[in-house]
Amino acid sequence: MTQERQALPRAARRVEAVLTGRGHPGQIRVLDASARSAAEAAVALGVSQQQIVKSLVFRGSRSSRPILALVGGTNRVDPQLLEDHVGEPVERADADWVRGQTGFAIGGVPPVGHAATVRTVADSALVEFAQLWAAAGTPHAVFPLRGDELAHLTGAELAPIASRGPG
């Protein structure tokens, strides 16, 4: 199920270095199955889909700056709540723009290790979880973290930005 550290993809090694630098042991797991979606990641890890942190990149409509929104795996970002928090309208970003801003492809965007500074907003409900799993730079790489570590590790602002899904 996992591979040794030297076998980690380059993108996952970048994430691991940031995590280690922030006092997290890294613990990146490379899964045999894809973790491109929250549902796939939950099945591969044997956890609840709500324990998967979705990383969704938006673009500020006025500033054109990237905004990374982190929500639980069964939830959706509520654009109005996100807009109210960041102070400007937002729009979903396309795959090329996401890669250019973060250095990662959609399906593997982690909450840390981006190519440039990305404003990060995490749904405040995520802090309630004893264990979460987030993308680690590729659709097959993930890492565990506790909800109470989320803001420290990611530099995220905590705000209620999600509409709740089942789960």
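Colleague: Why is Glu 157 called partly exposed?

Modeller: Its relative accessibility is 28%. Buried means under 20% relative accessible area and exposed over 50%, with partly exposed in between (1.4 Å probe, protein chains only). Glu 157, at 28%, therefore counts as partly exposed. As to the source, this is a predicted model, in which local features need pLDDT of at least 70 and side-chain atom pairs pLDDT 80 or more, while totals for chains, interfaces and linings use all residues. Residues are numbered from 1 along each chain as its sequence is written, and side-chain values use heavy atoms, with hydrogens and water left out.

Colleague: What makes the pair of Arg 119 and Glu 157 a salt bridge?

Modeller: The term requires a side-chain nitrogen of Lys or Arg within 4 Å of a carboxyl oxygen of Asp or Glu. For Arg 119 and Glu 157 the N to O distance is 2.8 Å, and their side chains meet in a salt bridge. This pair links distant parts of the chain, 38 residues apart, with Arg 119 in strand 6 and Glu 157 in strand 9. Arg 119 is partly exposed, because its relative accessible area is 34%. In general, side chains of opposite charge can pair when their charged atoms come close.

Colleague: How many salt bridges does the whole structure hold, and which residues form one network?

Modeller: The search finds 4 in the whole structure. Asp 148 and Arg 146 form one of them, their closest N and O atoms lying 2.9 Å apart. Arg 146 also bridges to Glu 149, at 3.4 Å between the closest N and O atoms. Through these shared partners, Arg 146, Asp 148 and Glu 149 are joined into one network.

Colleague: Which of these three is buried, and which is exposed?

Modeller: Glu 149 is buried, because its relative accessible area is 16%. Asp 148 has 55% and so counts as exposed, while Arg 146, at 42%, counts as partly exposed.

Colleague: Why is His 24 called buried, and what is it in contact with?

Modeller: His 24 has a relative accessibility of 5% and therefore counts as buried. It lies in the loop between helix 1 (10-21) and strand 1 (29-30). Contact means heavy atoms within 4.5 Å. Leaving aside neighbours within four places in sequence, the contacts of His 24 include Phe 143, Pro 144, Leu 145 and Glu 149.

Colleague: How do you know that strand 6 pairs with strand 3 and with strand 9?

Modeller: Strands (E, at least two residues) and helices (H or I, at least four) are DSSP runs, numbered from the N terminus. Two strands pair if DSSP finds at least two bridges between them. Strand 3 (residues 66-72) and strand 6 have 4 bridges, in the parallel sense, and strand 6 runs parallel to strand 9 (residues 157-159) with 3 bridges.

Colleague: Which strand gives the most to the lining of the largest pocket?

Modeller: Strand 2 does, with 7 residues. The whole lining has 27 residues, and Arg 36, Lys 54, Ser 55, Leu 56 and Arg 92 lie nearest the centre of the pocket. A pocket is an open set of points on a 1 Å grid over the protein atoms alone, where a 1.4 Å probe fits, with protein on both sides within 12 Å along at least five of seven lines; lining residues have an atom within 4 Å of a point.
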